[in-house]
Amino acid sequence: MNLDKASAAQSRAPLAPPEWTMVVERDLSQFTADVRLANRVMCRVSVVREDGDEDAARAALADKARDWIHDYLVRSRSSA
């Protein structure tokens, strides 16, 4: 899944580049997403939703992933 399709804040910049995706797994009330670049796991983020709302969990995960990707890209550019 591309990150921006699941984001609760789609108008918030920066958007994730299209080559970034996330794969979400659920274990009871915990949702974990593998954040991937070209199918390579770069990071994992998680949230707990006691109400089990998967759409809300995916949106929160997408926002967390986008923030992480933004920080990663900034660090990558500044270390080059």
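Me: Why is D34 called buried?
Reply: Its relative accessible area is 12%. Buried means under 20% relative accessible area, exposed over 50%, and partly exposed in between, with a 1.4 Å probe and protein chains only. Since 12% is under 20%, D34 counts as buried. A word on the source: this is a predicted model, in which local features need pLDDT of at least 70 and side-chain atom pairs count only at pLDDT 80 or more, while totals for chains, interfaces and linings use all residues. Residues are numbered from 1 along each chain as its sequence is written, and side-chain values use heavy atoms, leaving out hydrogens and water.

Me: What makes D34, R36 and R44 a network?
Reply: They are linked by salt bridges. R36 also meets D34 in one, at 3.5 Å from N to O. R36 counts as buried, because its relative accessibility is 18%.

Me: Why are R66 and D63 said to be about one helical turn apart?
Reply: They are 3 residues apart in helix α1, which means a separation of about one turn. Helices (H or I, at least four residues) and strands (E, at least two) are DSSP runs, numbered from the N terminus. R66 and D63 form a salt bridge too, with their closest N and O atoms 3.8 Å apart, and both residues are buried.

Me: How do you know that β1 and β2 pair?
Reply: Two strands pair if DSSP finds at least two bridges between them. β1 and β2 have 8 bridges, in the antiparallel sense, so they pair.

Me: What makes β1 and β3 edge strands?
Reply: The open sheet has 3 strands in the order β1-β2-β3. β1 (20–27) and β3 (40–48) each pair on one side only. β2 is joined to β3 by 8 bridges, and these two run antiparallel.

Key
Salt bridge = Lys/Arg side-chain N within 4 Å of Asp/Glu carboxyl O.
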